[in-house]
Amino acid sequence: MAISTGFQTSLSGMKVAQSQLDLVGRNIANIDTPGYTRKTAQQNNVILAGYASGVTMGDISRTVNEGLLKSFLASNQTTGNYNAQSQYLSKTEVLLGTPEGDNSISANVADLQNAFNTFATDVTSAAGRYGLLNAADSVASRLNYLCTEIQKLRGDADLNISNDVEQINDLLDELDALNDSIVKYTVLKYDGVADLEDQRDEALRELSGLIDITYFKRENGEMVIQTTDGVMLLDRDPHKLSHSAVAQASPTTSYAGGGIGGIFVDGQDITNSIRDGEIKGLIEIRDVTLPSLQSQLDELAGVLKNQINIIHNQGTAYPNTPSSLTGTRDFIDVNTQRIKIENGDVRFTIFDSEGKQVATTNLGGGLGFTEGTIADLTQRLNDWLTSPTGANLPQASATIDDNGNFAINTGDSSYSISIMDEASSTKGSAQQNVTVKFDANGNGHYDRTFEGFSNFMGLNDFFVSTTNEAIYDSKVLNKDLNLGINDIVTWGFSDTTNGINYGTINIYPNDSLQDIVNKINTDPVLNQQLQASLVPNGNGYVLRIVNTTGDQLEINENVAPGGTPSGLIDKLGLAPSNAGMSGSIAVREDLKTTPGLIANGSPEFNESSGEYQLNPASNNIANAMAQVFADSQSFGQAGNLSSTSTTLANYASTFVGNIASAANNAESNLAYQQELTNSISTKEATISGVDLDEELGQLIIFQQSYAACAQSFTAQKEMLDLLLSIVQ
């Protein structure tokens, strides 16, 4: 009996030693396999009837520190976030150029300032005019290019989100299959569970780089995975993500406005609940960083366009004084919409080819017009142009063209026209912009105020754009803003396709900004053409209303005759937006082909003759345009830049510098986070990885154990053989 037990003990020892040697061999063979953890197995004594009867090998287990694994996942998801942001910020920095570089947008603006200064010193120089046009066209083209490239980057980020979603779904399928195998192998006591768990952990690590996750394990070995915000990703079955990439992004395309689709799980939009990982970094770039930069470019383009146009509309060119002028403002209904002229008068003067006055009048003192419809204004000016007692130009006309634009034409290239605002109706009054009040829906209440008659009409713009006041933005507001109204307020909406007040909404005292958005978007008339949204901007939100057809849009408060407006539109700061301006700003086309049309001065009044005359060397308008760049301008809040007053070049330098700083910070954060992640990974490897020296030590131990068991087995056999020989 003792010999039989000895045989069994020796044989079991050899088998266990052999299995341990195989396990050591596996460890050594997988020393460079990513995610592989050191495998060990306990050696258990076999007790039969109270006596030792050999040994067995226990379950193979992994050397894993779960705390370190969770630390790695947390660090890795932040690394993925910073990596995505760093990549896109680096590309954006290259686009904008460095603040001190000659290729930055701020340098382009500075070059334009120099060109205006050069033009002002000698307005008769053809080279100066061409230099100015080239510099202005360079700024406009650079703004157009930056707008296009920024939107491409946003589109790329959204496409990367879509790719990440597919990768996440593939990993969830892989994790689900591994879960099934681990549960099955655990129940059936199959070998290989530990290796499957290694594979599952490796997939988990890869998943953490894409999206923030947490996990726990059930007793049967199954793993349950969810986001840190509690969105279930894997629980017996995978809960897959879905996202449709935007076909093409534009400055007004936003996730908040519905132009960019959300990331969905089980029909639930989880975009705003994703806290970390590469997807979070891409969302931040797509919805915050690049839109913030876009709004700053648009603000720069809008202020540049408006300020130069206000000045350019005050003057004229000579000897290339235009015989026809066509405005850029689209009127919706000239028989309904009204204007009112205050703080001065508007003078119209006809000149001959030598720059001498042929006829002159003004709206208030000459034509008796200080308030009325656009149609009335047009008719009175047309009558003066063609009347023998007026300009006596029977071929001349003042009309509203097919596009709804105000247009004046002398009908004879020998005669030109100049429009100049003055302090009063008296000839020779000081030149100053009049105030133009505009009643956009003809209800008797003036909704908007403009500086300068020609500027209001857009008759002599230097810069033009195709934005056409189709987008209205509020100032940056708190999402939970109290509207501060006591009674029902009715807003009316008008555009060039549908006419005046084609749709309305009622706003109640307890309504929120979101309620206004919902009322516009759910109105069966308005939602055919309008799209409202609350767009994140800096530390608040902008109420944005977009005419999706690109038509001229007017938003007014409908007030009963004798009533008083609530002032809600003014309180919200709702007005035509600069959104997309950088993508469409351009130098007026006829200026590019005929630089002589650039306004350099304004008509001069000759006291002795009592008439106006044109002087080719007059440079008051050129000087004023150059001064636009030297003076501080008012910029509204745009993204992470608060409202400020500074020069055009400084404003451009500010956001160029901000992007450079953000790119540098992102790179530093990424380097630190990568170092932290690598440090945790190294610590994991120290604990969980295979150490060749340790394995070789174990190899010797198990070889010796095998040899000892073999010797014991041999000794037992010899004893048995001796006993058998004695018995025989």
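Which residue's side chain meets that of Lys 519 in a salt bridge? In this predicted model, the partner is Asp 511, with N and O 2.5 Å apart. The two residues fall into separate accessibility classes: Asp 511 is buried because its relative accessible area is 13%, under the 20% cut-off, whereas Lys 519 has a relative accessible area of 21% and is therefore partly exposed. Elsewhere, salt bridges that share partners join Arg 218, Glu 222, Asp 235 and Arg 236 into one network.

The protein has 728 residues, 50% of them buried. Its secondary structure consists of 15 helices and 32 strands. Among contacts with a separation of 6 or more, 69% are accounted for by residues 24 or more positions apart. The accessible surface amounts to about 31,500 Å², and carbon and sulfur atoms contribute 47% of that area.

Salt bridges were searched for throughout the structure, and 24 were found. Side chains of opposite charge can pair when their charged atoms come close. One of the bridges is formed by the side chains of Glu 342 and Lys 437, at an N to O distance of 3.4 Å. This bridge links distant parts of the chain, as Glu 342 belongs to strand E11 (residues 338-342) and Lys 437 to strand E18 (residues 435-439), 95 residues apart. Glu 342 has a relative accessibility of 22% and so counts as partly exposed. Lys 437, with a relative accessible area of 26%, is also partly exposed.

A further salt bridge pairs Arg 448 with Glu 469, and here the closest N and O atoms are 3.1 Å apart. Arg 448 is in strand E19 (residues 448-451), and Glu 469 is in the loop between strand E20 (463-464) and E21; the pair is 21 residues apart and links distant parts of the chain. Both Arg 448 and Glu 469 are buried.

Glu 206 is located in helix H5 (residues 193-208), and its relative accessibility of 41% makes it partly exposed.

Lys 475 occupies the loop between strand E21 (471-473) and strand E22 (489-495). The C-alpha atoms of Lys 475 and Asp 570 are 9.7 Å apart, although 95 residues separate the two in sequence. With residues up to four places away in sequence left aside, Lys 475 touches Tyr 541, Val 542, Lys 571, Leu 572 and Gly 573. Lys 475 has a relative accessible area of 46% and is partly exposed.

Thr 214 is in strand E3 (residues 214-217). Its C-alpha is 8.5 Å from that of Ala 74, a residue 140 positions away in sequence. Beyond residues up to four places away in sequence, the contacts of Thr 214 are with Val 224, Ile 225, Gln 226, Thr 227 and Thr 228. The relative accessible area of Thr 214 is 33%, and the residue is therefore partly exposed.

Several backbone features were also noted. A cis peptide bond, with omega about 15°, joins Tyr 318 and Pro 319. Pro 319 is placed in the loop between helix H6 (278-312) and strand E10 (324-326). A positive phi in a residue other than glycine occurs at Arg 236, where the value is near 70°. Arg 236, which is also part of the salt-bridge network with Arg 218, Glu 222 and Asp 235, is found in the loop between strand E5 (232-235) and strand E6 (237-238). Asn 501 likewise has a positive phi, near 50°. Asn 501 lies in strand E23 (residues 499-507) and, at 29% relative accessibility, counts as partly exposed.

Methods
Residues are numbered from 1 along each chain as its sequence is written. This is a predicted model: local features need pLDDT of at least 70, side-chain atom pairs count only at pLDDT 80 or more; totals for chains, interfaces and linings use all residues. Side-chain values use heavy atoms; hydrogens and water are left out. Helices (H or I, at least four residues) and strands (E, at least two) are DSSP runs, numbered from the N terminus. Buried means under 20% relative accessible area, exposed over 50%, partly exposed in between (1.4 Å probe, protein chains only). Contact means heavy atoms within 4.5 Å. A salt bridge is a side-chain nitrogen of Lys or Arg within 4 Å of a carboxyl oxygen of Asp or Glu. Accessible areas come from the Shrake-Rupley method with a 1.4 Å probe; for residues, only the protein chains shown count as cover.
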